[in-house]
Amino acid sequence: MKAPILIVKKLPAAGMAIFPFILLKSAKLKNDPEMINHEKIHLRQQIELLILPFYLLYLFNYLINLFKYQNHDMAYRNIIFEKEAYDHETDFNYLKNGNWYGWIRLI
């Protein structure tokens, strides 16, 4: 999967996927294969859900987690989409192997 990479120095996170772009806080992160793979997994999740529903479910899941954990980091790390991306960011064949809708098993 090819994705245009944009450098956004004021990005609130090291990386972010906003279809069809990967946004990175610094140019050196372009050379971080795990970061790029993590964000590509998010791009595919966005495609799976036809983009807009992804953002709505992401936010909804975050808010539920924030209520549950009362902690931003725990809420973020337990978003189903983040769990899938973190679980597979080191598997550089994950996207090639056709593991579509992998986040569903995390609900």
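Which residue just after α1 takes a positive phi? In this predicted model, that residue is leucine 50, with a phi of about 60 degrees. Residues are numbered from 1 along each chain as its sequence is written. Because the model is predicted, local features need pLDDT of at least 70 and side-chain atom pairs count only at pLDDT 80 or more, whereas totals for chains, interfaces and linings use all residues; side-chain values use heavy atoms, with hydrogens and water left out.

Helices (H or I, at least four residues) and strands (E, at least two) are DSSP runs, numbered from the N terminus. Helix α1 has 16 residues and reaches 22 Å from its first C-alpha to its last, close to the 22 Å expected at 1.5 Å a residue; the expected span is 1.5 Å times one less than the number of residues. At the start of α1, the backbone nitrogen of glutamate 34 has a side-chain oxygen of aspartate 32 within 3.1 Å.

Of the 16 residues of α1, 12 are buried, so the helix is largely enclosed by the rest of the structure. Buried denotes under 20% relative accessible area, exposed over 50%, and partly exposed in between (1.4 Å probe, protein chains only). Among the buried residues of α1 are Met35, Ile36, Ile41 and Leu43, together with His38 and His42. The cover over the buried residues of α1 includes β1 (5-7), β2, β3, α2 and α4 (80-88).

The structure holds 1 salt bridge, defined as a side-chain nitrogen of Lys or Arg within 4 Å of a carboxyl oxygen of Asp or Glu. Arginine 44 and glutamate 48 form this salt bridge, their closest N and O atoms being 3.5 Å apart. These two residues are 4 residues apart in α1 (residues 33-48), and are therefore separated by about one helical turn. Both arginine 44 and glutamate 48 are buried.

Two of the covering strands, β2 and β3, are joined by a hairpin through 2 residues. Strand β3 (residues 21-24) runs antiparallel to β2, with 4 bridges between them; strands pair if DSSP finds at least two bridges between them. Methionine 16 has leucine 23 of β3 as its bridge partner.

In helix α2 (residues 52-69) lies asparagine 65, which counts as buried because its relative accessibility is 6%. Apart from neighbours within four places in sequence, asparagine 65 is in contact (heavy atoms within 4.5 Å) with Gln70, Ala75, Asn78 and Ile79.

Notes. A polar contact is a pair of N or O atoms within 3.5 Å; within protein, one must be able to donate a hydrogen and the other to accept it, and residues adjacent in sequence count only if both atoms are side-chain atoms.
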